[in-house]
Amino acid sequence: MAYSIDQEPDVAEPSSGRIFAGKFKRHADLNELLDSNKDRDKLEAMRRIIESVSSGKDVSQLFASVVKNVVSKNPEIKKLVYVYLVRYAEEQQDLALLSISTFQKALKDPNQLIRASALRVLSSIRVSIIVPIMMLAIKEAVTDMSPFVRKTACHAIPKLYSLDPELKEPLVEVIEKLLKDKTTLVSGSAVMAFEELCPERIDLIHKNYRKLCNLLVDIDEWGQSAVIHMLTRYARSQFMDPNKMDLENEKFYPDSQDSEDDDDEDDDEEGDEEQADKKKPYVMDPDHRLLLRVTKPLLQSRNATVVMAVARLYHHCAPASEVGVVTRALVRLLKGHREVQYVVLSNIATLSATRKGMFEPHLKSFFVHSNDSTHIKTLKLEIMTNIASESNITLLLREFQTYISNSDKQFVASTIQAIGRCASNIPEVTDTCLTGLVRLLSNRDETVVAESVVMIKKLLQLKHKDKSQIITQMAKILSKITVPMARASILWLVGEYAERVPKIAPDVLRMAAKSFVKEEDIVKLQILNLGAKLILVNPTQTQQLCQYVLNLAKYDQSYDIRDRARFLRPIVFPGEKTLLAVCLEQLEVRRQHENFDPRRM
């Protein structure tokens with residue numbers, strides 16, 4: 001029975017003495033079929049081999065048997081042989097080099113697919129010896145009648161350049177010829193080769209700009225993406241920014257109302273004013289308008305990469321009033337795969353930071369779903385925060401309220417941060433958000449409480465009304481919170497507004513001093529600051545506590561804590577002599593004693 005490479009090799013029973021016999025016969029039937037005189041057998045073998053290659057199986061052992069069939073007169077066999085050689089030519093370079101002459105003959109084959117396949121195999125052999133052969137083959141392929149062969153030549157150019165960078169100049173000349181090609185099959189690949197080899201040669205695009213714009217709609221999808229990226233870079237460097245004011249005539253120094261100028265200076269100023277009045281409004285270049293017009297239909301493309309390329313073009317090169325046309329296309333892409341969603345949401349987050357009105361009508365499209373991953377949820381929160389306004393903040397806060405009970409703790413923390421950003425950006429809802437965050441202090445989840453404390457601290461800095469009630473409530477839960485950042489925030493609030501909570505502040509310092517040794521560095525620094533502030537406000541109750549905390553910090557392992565203690569001690573205890581001061585006094589006394597001469601008496 002013939003053996004198939006899709007099946008595991010037969011292993012005989014140990015008693016037969018043929019334990020490894022199956023290994024030696026692997027691919028034996030395929031070798032027989034490839035050596036057969038019948039094209040039907042060879043074609044069957046090549047089909048099975050290509051099927052194995054496409055499924056990821058290693059069939060490199062058959063390279064010697066396959067490469068012999070490159071001289072076959074059957075075009076179907078030749079095509080499959082070249083497909084195999086493209087895959088394994090780089091791994092089996094020595095055997096591939098033996099067939100170089102055959103590949104060169106195939107470049108003259110009447111079948112365009114054979115010519116293109118031969119060129120592709122040549123470019124896949126990564127050996128510097130055949131660089132001249134490859135260069136000659138590419139130059140001949142550029143003038144080939146078949147656009148498919150010319151496209152293959154475009155793909156071979158970067159491979160040849162990676163083998164020998166010194167060939168850049170002659171390859172640039174080849175690219176210049178390919179850019180003039182009027183076939184849509186070649187244009188996209190030519191631009192890819194241009195971007196890979198010489199993206200700085202913008203002068204090569206000048207002559208072909210309008211042709212590329214007109215062919216853009218008919219180019220294949222991946223070619224469209226490459227062309228749009230190149231044209232975006234071209235437009236940003238060659239056309240004026242339609243959203244940038246012309247400041248050439250603006251004066252560096254404003255005119256002074258009290259100064260008295262000479263007659264000549266008055267005449268110059270009047271001339272400048274007349275020129276400013278006559279300054280013409282911005283008129284978009286026709287070529288710039290052509291680029292925007294031909295790319296707009298591509299927003300309906302099924303390829304997400306093309307849509308994103310057009311959105312990028314409009315973001316950088318279109319007037320602000322026209323950028324909104326990309327909104328629906330970007331929102332449509334959110335229905336795709338998660339990977340596409342992440343890229344699209346990242347770009348929407350960037351756009352919404354500066355263009356809030358674009359995505360406000362599509363607010364509900366960014367609501368979080370239960371099956372969204374954490375990074376998708378975080379991006380949606382960022383976008384909703386960016387487009388939050390007085391008209392939709394009520395809807396957003398209701399939506400955020402449902403997220404607080406989510407099982408994903410990282411997402412809940414991000415939601416609380418989003419609430420804080422909305423409160424700081426929209427003053428009308430600051431009190432409402434602050435009240436909601438205070439209610440979260442009674443939540444059983446420590447992560448929610450800790451994040452709420454941090455955001456309340458930031459919001460209290462913005463509000464100037466009485467904060468004593470909120471600070472009192474936060475001080476009461478200090479012993480239950482273990483998150484360092486949250487504990488540090490509470491201590492900072494108590495110290496900053498110690499005059500408003502005079503009865504609670506000393507007790508907070510007492511509890512903090514009790515656990516000083518076990519705290520994180522960020523908490524220890526705030527304990528030192530709290531002690532320094534309280535000794536100025538209430539020295540009677542806090543002097544000994546502050547002295548105790550400073551003594552603990554004096555021998556702390558962190559040099560930041562020790563430095564802060566040395567800095568604060570002379571400030572809060574100005575009459576106390578430091579160790580350095582005592583040492584200096586002793587040195588001065590000793591020096592005076594050594595310089596004392598009794599004969600002068």
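Cys422 is buried, at 1% relative accessibility; buried means under 20% relative accessible area, exposed over 50%, and partly exposed in between, with a 1.4 Å probe and protein chains only. This is a predicted model, in which local features need pLDDT of at least 70, side-chain atom pairs count only at pLDDT 80 or more, and totals for chains, interfaces and linings use all residues. Residues are numbered from 1 along each chain as its sequence is written, and side-chain values use heavy atoms, leaving out hydrogens and water.

**Overall build**

- The chain has 33 helices and zero strands. Both are DSSP runs numbered from the N terminus: helices are H or I with at least four residues, strands are E with at least two.
- Of its 601 residues, 47% count as buried.
- The chain's accessible surface comes to about 34,300 Å², and 51% of that belongs to carbon and sulfur atoms. Areas come from the Shrake-Rupley method with a 1.4 Å probe; for residues, only the protein chains shown count as cover.
- Take the contacts between residues at least 6 apart in sequence: 65% join residues at least 24 apart. Contact means heavy atoms within 4.5 Å.

**Cysteines**

- The whole structure has zero disulfides. A disulfide is a pair of cysteine sulfur atoms within 2.5 Å.
- The closest cysteine sulfur to that of Cys422 is in Cys433, 6.6 Å away, too far for a bond.
- Cys317 is also buried, with a relative accessible area of 3%.

**Helix H32**

- H32 covers residues 559-572, 14 residues in number. Its first and last C-alpha atoms are 20 Å apart, close to the 20 Å expected at 1.5 Å a residue. The expected span is 1.5 Å times one less than the number of residues.
- Its buried residues are Ile561, Ala565, Leu568, Arg569 and Val572.
- Tyr559, Arg566 and Phe567 are exposed, on the face turned away from the buried side.

- Thr152 sits in H10. Thr152 is buried, at 5% relative accessibility.
- Neighbours within four places in sequence aside, Thr152 is in contact with Ala116, Leu119 and Arg120.

**Aromatic pairs**

- There are seven aromatic pairs in the structure. Rings of Phe, Tyr and Trp (its six-membered ring) pair if their centres lie within 6.5 Å; planes under 30 degrees apart count as stacked, over 60 as edge-to-face and the rest as tilted.
- Phe359 and Phe366 have ring centres 6.2 Å apart and planes at 75°, so this pair is edge-to-face. Both residues are buried.
- Phe400 and Tyr403 form a tilted pair, 6.2 Å centre to centre with 50° between the planes. Both lie in helix H23 (residues 393-403), three residues apart, about one turn of the helix. Phe400 and Tyr403 are buried.
- Ring pairs also link Tyr209, Tyr234 and Phe239 into a cluster.
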